[in-house]
Amino acid sequence: ALVAAYCLLGAGWLIIKTEGPLQLKAVQWARGSLWFTAAGIAAISLATPMVSAAIFAKWFSFPNIFLLSPIPLATLTLLLIIGRSLRRLPERLSQGNEYGAWVPFGGTVGVFLLAFYGLAYSLFPWLVIDRVHLWQGTISPESMGVILAGALVVLPMIIGYTVFAYRVFWGKSTALKY
């Protein structure tokens, strides 16, 4: 299911960045992977509370069940919106209408964020459910300082390169013309 989710994400990106037959093929890939992604999210969402009584209590105790219900509801809504968009896109794209081409990618990013948020909420503060606590998995403060210093140097470089790459490759991919 995770491979299908990444296929859905990549196909959504191709729908935005390409045109013609490749764009229509990307719509097919996205449609094929959408329901595997949804099935994987559903399976993990159902299995995780069954693994641990603490996780079950986090999600299904009062008032948490009402406070957290927007997460699965928003995920389901996004999956339905993506599915609807993918059904309509081939006709629109064949007419040269790009309206809504961003919906599969944007919706998939939203689904990923909601799924990661739900999983993080479920697992926190455990690294391994009911076995290894967050603070048991940490290293010495000195080692953490070295990692922080490295991150402070490397992270801005990664962000700068990412911004540069997106500016260079902005717009639709087209055939090379000399």
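Lys and Arg count here as positive and Asp and Glu as negative, while His and the chain ends are not counted; the place of a charge is NZ of Lys, CZ of Arg, CG of Asp or CD of Glu. Under this convention, the mean positions of the 12 positive and 5 negative charges of the chain lie 9 Å apart. The model is predicted: local features need pLDDT of at least 70, side-chain atom pairs count only at pLDDT 80 or more, and totals for chains, interfaces and linings use all residues. Residues are numbered from 1 along each chain as its sequence is written, and side-chain values use heavy atoms, with hydrogens and water left out.

**Architecture and overall dimensions**

- The chain contains seven helices and two strands, taken as DSSP runs numbered from the N terminus (helices: H or I, at least four residues; strands: E, at least two).
- Read from the N terminus, the order of elements is α-α-α-α-α-α-β-β-α.
- The radius of gyration of the chain, taken over C-alpha atoms, is 21 Å, whereas a compact globule of 178 residues would have a value near 16 Å. The globule rule is 2.2 Å times the number of residues to the power 0.38.
- The C-alpha trace spans about 60 × 40 × 25 Å along its principal axes.

**Surface, burial and contacts**

- The accessible surface of the chain is about 12200 Å², and carbon and sulfur atoms hold 74% of this area. Accessible areas come from the Shrake-Rupley method with a 1.4 Å probe; for residues, only the protein chains shown count as cover.
- Of the 178 residues in the chain, 25% are buried (buried means under 20% relative accessible area, exposed over 50%, partly exposed in between; 1.4 Å probe, protein chains only).
- Among contacts (heavy atoms within 4.5 Å) with a separation of 6 or more, 67% come from residues 24 or more positions apart.

**Salt bridge**

- One salt bridge is found in a search of the whole structure, the criterion being a side-chain nitrogen of Lys or Arg within 4 Å of a carboxyl oxygen of Asp or Glu.
- The side chains of Glu98 and Lys172 form a salt bridge, with an N to O distance of 3.0 Å. Glu98 lies in the loop between α5 (70-94) and α6 (103-123) and Lys172 in the segment after α7 (141-168), so the pair ties together parts 74 residues apart in sequence.
- Glu98 is partly exposed at 32% relative accessible area, and Lys172 is also partly exposed, at 29%.

- Val111, in helix α6, is buried with a relative accessible area of 4%. Leaving aside residues up to four places away in sequence, Val111 touches Ile41, Thr75, Leu78, Leu79 and Ile82.
- The C-alpha atoms of Val111 and Pro72 are 9.6 Å apart, and the two residues are separated by 39 residues along the chain.
- Thr108, in helix α6, is buried at 1% relative accessibility. With residues up to four places away in sequence again left out, Thr108 touches Ala5, Leu8, Leu9 and Ile82.

**Backbone geometry**

- Most residues other than glycine have a negative phi, and most peptide bonds are trans.
- Phe62 and Pro63 are joined by a cis peptide bond with omega about 5 degrees; Pro63 lies in the loop between α3 (53-60) and α4 (64-68).
- Phe124 and Pro125 are joined by a cis peptide bond, with omega about 5 degrees; Pro125 lies in the loop between α6 and β1 (126-128).
- Asp130, in the loop between β1 and β2 (132-133), has a positive phi near 55 degrees. Asp130 is partly exposed, with a relative accessible area of 36%.
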